[in-house]
Amino acid sequence: MTAVDPLAASCPLPLAETERVLLGHGSGGQLSAELIGDVLVPALGSAAPAGALEDAAVVPIDGVDVVLSTDAYVVSPLFFPGGDIGALAVHGTVNDLAMRAALPVALAVAYVVEEGFPLADLRRVAASVGAAARAAGVPVVTGDTKVVGRGAADGLYVVTTGVGQRLAGAAPSATGAAPGDAVLLSGPIGSHGTTILSVREGLGFDADICSDTQPLHRLVAAMVDAGGDAVHALRDPTRGGIASALNEIAVTSGVGIEIDEQALPVPAPVQAACEILGLDPAHVANEGCLVAFVAAHRADAVLAAMRSRPEGRAAVNIGTVRDTEPGRVVVRTSVGSRRILDMLVGEQLPRIC
């Protein structure tokens, strides 16, 4: 019998079946959760605070809720319709802070550059970082640059760390979703992931779609102003798409979530691309939308506030939080049936953010 090479196996593949890291471990889905929960967090021991894993951590300092987040960006290609790795790095960290209802105060940016990388491209990315930071109203106060040998990296990686200050009146958390909450989505899904795939593989869909990367902190500020502490949880559905984001909240908050399939806004070009490629739009990455869990009595007000902002003008109510089937996300289909929406297991689209 021929031995099975674990490195030749395709995802999904349970962590227990291989002792090597797979691309799927970076998908933002189930394998990522296993890697973090089984390997990375336990290694911290008492240095890891108890509680849910959030997009950003709240660190109280002298009575002020300081919010801290860090992320590494490895997208391929570096430049794509609607953005590039520089803008993506700024927006991603600003949005991670925003998911804890924090406005960005300062950013740190580090570049890891492979020997031989074109200086013109580095200048273009650095200019994009500057433009995105200025547009978001947040200064880049420190950073680092490392150059590694040929073959030690794939061109350019960007790491951003952000510090923010939480808005008064709201404390959204991944543990905060409660039965009866409305599930609000700020805009269409699937554009970023399908754009990256189209450019990378030369599929041609990018003529009709572009990445949705954008900062969301001003949208969150409007939501908090309208809903206050009724805004229970926020999540930006990046890697793993809306499906992984909903499953993370369902598990962490210990609730069930029911979604109306017909309410999910999927642009026609994205839907067409997903049908041709066999992808589920719910598993495709986004970089410029959020999903919010809001108490029912403030849901209409928060939805109106979202629609008043350019980032949320297409906001919709896509479902409800239930006290049944905790940890499970269920979709009501267009024909009236119900199906389970699982978290992404393996790697659907590598190197997307």
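The dialogue below goes from domains to their interface and then to the backbone.

Reply: Ground rules come before features. This is a predicted model, in which local features need pLDDT of at least 70, side-chain atom pairs count only at pLDDT 80 or more, and totals for chains, interfaces and linings use all residues. Residues are numbered from 1 along each chain as its sequence is written, and side-chain values use heavy atoms, with hydrogens and water left out.

Me: Which domains does the assignment give?

Reply: Domain bounds come from an automatic or database domain assignment. Here the protein chain has domain 1 (54-166) and domain 2 (181-340). Their C-alpha centres are 23 Å apart.

Me: What does UniProt place at residues 179-331?

Reply: UniProt positions follow the numbering used here, feature names are shortened, and annotations may be inferred rather than shown by experiment. The unreviewed entry lists "domain: PurM-like C-terminal" there. That span is 37% helix and 18% strand. The entry also lists "domain: PurM-like N-terminal" at 54-164, a span with 29% helix and 45% strand.

Me: How many residues are in contact between domain 1 and domain 2?

Reply: Contact means heavy atoms within 4.5 Å. 25 residues of domain 1 meet 23 of domain 2. Buried area is the accessible area (1.4 Å probe) that two parts lose on being put together, summed over both. It is about 1800 Å² here, with 63% from carbon and sulfur atoms. Pro81, Asn95 and Met99 supply 30% of what domain 1 buries, more than any other three residues.

Me: What are the counts of salt bridges and polar contacts?

Reply: A salt bridge puts a side-chain nitrogen of Lys or Arg within 4 Å of a carboxyl oxygen of Asp or Glu. The domains share zero of these. A polar contact is a pair of N or O atoms within 3.5 Å; within protein, one must be able to donate a hydrogen and the other to accept it, and residues adjacent in sequence count only if both atoms are side-chain atoms. Nine residue pairs qualify, both at pLDDT 80 or more.

Me: Which element gives the most to domain 1's side?

Reply: Helices (H or I, at least four residues) and strands (E, at least two) are DSSP runs, numbered from the N terminus. H2 (85-98) leads with seven residues.

Me: Where is the cis peptide bond?

Reply: Most residues other than glycine have a negative phi, and most peptide bonds are trans. The Ser76 to Pro77 bond is cis, with omega near 10°. Pro77 sits in the loop between E2 (64-73) and E3. Asp62, not a glycine, has a positive phi of about 50°.
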